[in-house]
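Look at the structure first, then read on.

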Amino acid sequence: MKTLKTLIIVAIATSLFVFSSCNKDDDEPNKKEMLTANSWKVTAFTLDSLGFPILDIYQLMDDCNKDDLTIFNEDGTYESNEGPTKCNDADPQVIEEGTWTFNSDETQIITTSDTTQTMDIVTLNSSKLAISYTEEEEGVVYTYSIEMAPGN
């Protein structure tokens, strides 16, 4: 009888440990895992400047540019890649290479190649990456918004 009670107590304690250690957050990838799990293809690209209508840059892009890929690697490097279709067969497959990192609270992606670009993360999940960034030229602020989907 004492052995049966001991077995029941051990079984209850084990089940409590197993169920308490199964946390939903354990199954969800973190931002780095979501960013590096896919290559990303642009699906929307707009330019907004105060006083002017929003310009749909994506609509103006050639089809050979719409399949270009951005690949963020786990080691902190990235590349912009021509994707399956090149506009010019003589162009290199890799358009740009550099490094990337998140800012301290993972709300921005900072890329460095010839220049450094800081982009705000609007959305980052396994099926969508949306970023925005601003540039100022001659006192005019331009806001670029880009949406990407997995391009694997």
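Trp100 has Thr111 as its bridge partner in E6. Strands here are DSSP runs of E with at least two residues; helices are DSSP runs of H or I with at least four residues, and both are numbered from the N terminus. E5 and strand E6 (residues 108-112) run antiparallel, joined by four bridges. Two strands pair if DSSP finds at least two bridges between them. In the hairpin of E5 and E6, five residues lie between the strands, and Glu106 takes a positive phi near 55°.

This is a predicted model: local features need pLDDT of at least 70, side-chain atom pairs count only at pLDDT 80 or more, and totals for chains, interfaces and linings use all residues. Residues are numbered from 1 along each chain as its sequence is written, and side-chain values use heavy atoms, leaving out hydrogens and water.

E4 and E5 also pair, antiparallel, over five bridges. Glu79 stands opposite Glu97 in E5. Glu79 is also in contact (heavy atoms within 4.5 Å) with Thr70. Thr70 sits in strand E3 (residues 69-72).

The whole structure holds one disulfide, meaning a pair of cysteine sulfur atoms within 2.5 Å. Cys64 and Cys87 form the link, S to S 1.7 Å. The link is right-handed, with 95° about the S-S bond. Cys64 lies in helix H5 (residues 63-66), and Cys87 in the loop between strand E4 (77-81) and strand E5 (94-102), 23 residues apart.

Buried means under 20% relative accessible area, exposed over 50%, partly exposed in between (1.4 Å probe, protein chains only).

| Residue | Relative accessible area | Class |
|---|---|---|
| Cys64 | 13% | buried |
| Thr70 | 16% | buried |
| Cys87 | 40% | partly exposed |

Terms used: Lists of a residue's contacts leave out its neighbours within four places in sequence.
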